Amino acid sequence: MTHIAAIDGKDDVRPDYWAYSAVIQAWARSPTPDAATRAKSLLLQMEALHLAGHGIDIAPNTITYNTVLSAIARSGQPDAVQQAWDLLAKMKQLNKQGDRDVTIDTFTYTSLIDAMAKSNADPEEAEDLFFRILSN
């Protein structure tokens, strides 16, 4: 996506948060087998651009991470549950470091449970997570 401005010769046009989010959401809804991988790749690009500080509103937030979590849950990849747990851990770390735009919410946990359900994980693990959510 960052190649678009170079192709058009418009150096002042750069994809921002909204453009990245729209494409991530498109991948999250796609039935394509590599949709989750593509969504995660775009998320990584956003994170890298944000850290590089190009002065573009590009920082991923809770919605961005949750959209990628949803794509992972729908992916059917054998390691989808581990990918979801890893992304949840990253979200927790960002929040703990003071990123107020990244929080864990009901959708976050629901996507994780959805990944468990679609990957034939132990239903008791999903139920345990559900009860942990209720107790918080």
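This is a predicted model: local features need pLDDT of at least 70, side-chain atom pairs count only at pLDDT 80 or more; totals for chains, interfaces and linings use all residues.
**Exercise 1.** Determine how α5 and α6 are oriented relative to each other, parallel or antiparallel, and state the handedness of their crossing.

*Solution.* Two packed helices are described by the angle between their axes and the distance between the axes. For helix α5 (residues 80–96) and helix α6 (residues 106–118), the angle is about 165° and the axes are 8 Å apart. Angles over 145 degrees count as roughly antiparallel, and α5 and α6 are therefore roughly antiparallel to each other. Their crossing is left-handed. On the α5 side, the contact is made by Ala-80, Val-81, Ala-84, Trp-85, Leu-88, Met-91 and Lys-92; α6 contributes Thr-108, Tyr-109, Leu-112, Ala-115 and Met-116. Sorted by class, the contact has 10 nonpolar, 1 polar and 1 charged residues.

**Exercise 2.** Identify which residues of the largest nonpolar core touch the most other members, and which elements give two or more residues to this core.

*Solution.* The largest nonpolar core has 31 residues, of which Val-68, Ile-72 and Leu-87 touch the most other members. Two or more residues each come from α2 (17–29), α3, α4 (62–75), α5, α6 and α7 (123–135). For Leu-87, the residues touched are Leu-43, Tyr-65, Val-68, Leu-69 and Ile-72, not counting residues up to four places away in sequence.

Conventions:
Residues are numbered from 1 along each chain as its sequence is written. Side-chain values use heavy atoms; hydrogens and water are left out. Axes are lines fitted to C-alpha atoms, for helices over the stretch in contact, and angles run from 0 to 180 degrees between N-to-C directions. Helices (H or I, at least four residues) and strands (E, at least two) are DSSP runs, numbered from the N terminus. Angles under 35 degrees count as roughly parallel, over 145 as roughly antiparallel, 65 to 115 as roughly perpendicular and the rest as oblique. A crossing is left-handed if the near helix is turned anticlockwise from the far one by less than a right angle, and right-handed if clockwise. Contact means heavy atoms within 4.5 Å. Ala, Val, Leu, Ile, Met, Phe, Trp, Tyr, Cys and Pro count as nonpolar, Asp, Glu, Lys and Arg as charged, and the others, Gly among them, as polar. A nonpolar core is a set of buried Ala, Val, Leu, Ile, Met, Phe, Trp, Tyr and Cys residues joined through side-chain atoms within 4.5 Å. Buried means under 20% relative accessible area, exposed over 50%, partly exposed in between (1.4 Å probe, protein chains only).
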